[in-house]
Amino acid sequence: MKLWKDDKQLFDIARKELFTALVGDVLDKMGYQHQFLAPTIKPLRQDMVTIGRAMPVLEADVFTEKTEGTHNPLMNKPFGIMFEALDSLQPDEVYICSGSSPRYALWGGLMSTRAIKLGAAGAVVDGYSRDTPEILHLNFPTFSMGGYAQDQGPRGKVIDYRLPIEFNGIRVNPGDIVFGDLDGVIIVPKETVNDAFEAAIEKARGEKLVKRALEEGMSTVEAFAKFGIM
């Protein structure tokens, strides 16, 4: 029997009962052994958690805000189609962006304000974020390499969105689940979501029994033999 009826209920259960390490263990057992983003991608505050469906965004480096004689009209559009990408966010989606070098910030305070209004679940960027005090005040779950004020305006443009991207060598497809907490950000492929989260919830509830047994004095050898969890 399925343990949730829709994404909202699944995400509520995940926030209350799960953590990325546990989901990663389950994906390992399923043969998906390379699903964590690089450990340099961290929440701006330790208690930030994000979980939602991926809305992938492709960024590219540029070297001027506008280019004379360009063959590509996008080169004369500040930020490319970043505003269109941001405005397309749906409730419980995560803005997840890669493709550029880490020379500038890919996320900021005004973007967070708009994302909150749209009901988005968080932002995960392969680079820096800025306006850190504002984002912390807004309490919008943001995962990045940290704070760095340099603007993307003359340095980068969004060139597409809602398409497959790679982030630290990991494929991220629209509709995959992005789950991030203090220990990292994991990508759960959409075709594995039901099996992965059912197993993760079962494991989380089983670990509570193991913890109780250890607290009562059972050895780790005995506990693993009895519960098969450690």
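**Entry 1: helix H1**

I began with a side-chain contact: Asp 12 and Arg 15 form a salt bridge with an N to O distance of 3.9 Å. I counted as a salt bridge a side-chain nitrogen of Lys or Arg within 4 Å of a carboxyl oxygen of Asp or Glu. The model is predicted, so I took local features only at pLDDT of at least 70 and side-chain atom pairs only at pLDDT 80 or more, while totals for chains, interfaces and linings use all residues. Residues are numbered from 1 along each chain as its sequence is written, and side-chain values use heavy atoms, with hydrogens and water left out.

Asp 12 and Arg 15 are 3 residues apart in helix H1, so about one helical turn separates them. For helices I used DSSP runs of H or I with at least four residues, and for strands runs of E with at least two, numbered from the N terminus. Asp 12 is partly exposed at 31% relative accessible area, and Arg 15 is partly exposed at 41%. My classes were buried for under 20% relative accessible area, exposed for over 50%, and partly exposed in between (1.4 Å probe, protein chains only).

I then listed the buried residues of H1 (residues 7-17), which are Leu 10, Phe 11, Ile 13 and Ala 14. Seen down the axis of H1, they fall within an arc of 160° and so line one face of the helix; the arc is that of the directions from the helix axis to the C-beta atoms. Lys 8 and Lys 16 are exposed on the other side of H1.

**Entry 2: further salt bridges**

I noted 10 salt bridges in the structure. Side chains of opposite charge can pair when their charged atoms come close.

One of the salt bridges joins Asp 61 and Arg 103 at 4.0 Å, N to O. This pair links distant parts of the chain, 42 residues apart: Asp 61 belongs to strand S2 (residues 50-61), and Arg 103 to the loop between S3 and strand S4 (105-107). I found Asp 61 partly exposed at 27% relative accessible area and Arg 103 partly exposed at 28%.

Another salt bridge connects Glu 166 with Arg 171, whose closest N and O atoms are 3.6 Å apart. Glu 166 is partly exposed at 47%, and Arg 171 is partly exposed at 46%.

I looked up the cover of S3 and found 6 of its 6 residues buried. Glu 93, Tyr 95 and Cys 97 point one way from the strand, and Val 94, Ile 96 and Ser 98 point the other way.

S3 pairs with S2 in the parallel sense over 6 bridges; I counted two strands as paired if DSSP finds at least two bridges between them. Ala 54 stands opposite Val 94 of S3. S3 also pairs in the parallel sense with strand S5 (residues 122-125), over 4 bridges, and Val 124 in S5 is the bridge partner of Ile 96.

I recorded S2, H3 and S3 as a right-handed β-α-β unit. Right-handed here requires that, with the strands pointing away from the viewer, the path from the first strand over the helix to the second runs clockwise.

**Entry 3: positive phi**

I checked the backbone for positive phi values. Asp 92, in the loop between helix H3 (82-87) and strand S3 (93-98), has a positive phi of about 65° although it is not a glycine. Arg 162, likewise not a glycine, has a positive phi of about 55° and is found in the loop between strand S8 (156-161) and strand S9 (165-167).
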